Amino acid sequence: MDIEGKTVIVTGAARGIGRAIAEAFAREGAKVVAADLGSLANKSGADWHYALAAESELAQAAREISERGGACMAVEADVSERASCQNLVAETVEAFGGLDILVNNAGIIKLGRLADFAEAEWERMFAVNVKGAFLLAQAAVPYLERRSGLIINIASNAGKRGSAFNSAYCASKFALVGLTQSLAAELAASAIRVNAICPGNVFTPMQFDYLVKHRLQQYPGQSFEAAFDAFVEDTVPLGRKQAPAEIAEAALYMARADSVTGVSLSVDGGSGIGLS
Ligand code: NAD
């Protein structure tokens with residue numbers, strides 16, 4: 001697929017990996033719809049253990065992408081809600097006349113022991129990380145099939161390998177990899193490709209606002225970024241973190257790779273294979 005002129009929805013685009021993906025597609029000449037919670041982040045049920053993107057971050061992301069010459073529109077959406085997903089696709093089609101690529105990137109994480117993990121937190125993680133991709137695929141496919149479109153799900157290395165105290169997030173990302181393969185098989189007849197990208201360690205707010213604080217106590221006295229870098233050096237074969245732009249590069253590849261479907265591509269410095 002030639003990216004120039006195509007219409008792309010990116011969820012969770014106000015910051016982090018989603019923002020980098022939105023920037024990359026806009027740079028390549030796509031029309032980008034940057035979707036995130038916006039003001040919906042304040043409504044009950046959408047709040048989380050660490051701050052999700054603020055309303056101002058969504059507006060700022062869309063403004064800055066537009067200022068650099070990209071076509072970008074911000075739309076507020078909570079991907080866990082069917083009506084919100086349908087509205088996101090409807091606003092996209094109304095503004096840009098169709099839809100070519102859906103990037104399901106919005107995601108949340110919470111670590112915890114099985115013994116006291118709250119059922120509501122498990123359900124919210126599945127609602128955002130898995131059901132959101134399912135609902136948006138349902139809303140988008142009638143438009144994608146008119147244009148030999150593409151769905152890219154941002155899963156995780158946690159969708160290929162389990163880890164202690166990470167059962168809910170890992171289960172949700174394994175589910176997203178399963179959804180990717182199943183939809184790829186189902187939608188091939190409609191010439192829609194479905195792939196996933198599995199990032200490793202990317203220093204986004206999800207990491208520095210939450211994961212580093214809860215996981216990296218073995219690096220006391222270090223800044224969050226230094227602790228993160230030390231952790232990556234100690235545990236990842238290539239010893240390096242991934243830049244959001246590297247995940248975005250993989251998303252551009254998925255768009256151009258017309259023979260690739262049903263794939264979950266690790267971009268993780270080898271963390272999936274481990275050190276030994
Ligand atoms: P992030 O927290 O910086 O960004 C996630 C974005 O999703 C935020 O802007 C947030 O507001 C938005 N969001 C959350 N719930 C939403 C909802 N219900 N509806 C719409 N938007 C919602 O995190 P990130 O690191 O950029 O993560 C992006 C994706 O990459 C996630 O799916 C995450 O699981 C995955 N991932 C991240 C890493 C990493 O190391 N950072 C590694 C592997 C996978």
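This is a predicted model: local features need pLDDT of at least 70, side-chain atom pairs count only at pLDDT 80 or more; totals for chains, interfaces and linings use all residues.
Local features need pLDDT of at least 70 and side-chain atom pairs count only at pLDDT 80 or more, while totals for chains, interfaces and linings use all residues. Residues are numbered from 1 along each chain as its sequence is written, and side-chain values use heavy atoms, with hydrogens and water left out.

Student: Why is the contact between Lys-110 and Glu-121 called a salt bridge?

Tutor: A salt bridge requires a side-chain nitrogen of Lys or Arg within 4 Å of a carboxyl oxygen of Asp or Glu. For Lys-110 and Glu-121 the N to O value is 3.3 Å, so the pair is a salt bridge. By this rule the count comes to 14 salt bridges.

Student: Why is Lys-110 called buried?

Tutor: Buried means under 20% relative accessible area, exposed over 50%, and partly exposed in between (1.4 Å probe, protein chains only). Lys-110 has 16% relative accessibility and therefore counts as buried. Glu-121, at 15%, counts as buried.

Student: How do you know whether Arg-68 is buried or exposed?

Tutor: Its relative accessibility is 58%, so Arg-68 counts as exposed. Glu-23 has 24% and therefore counts as partly exposed.
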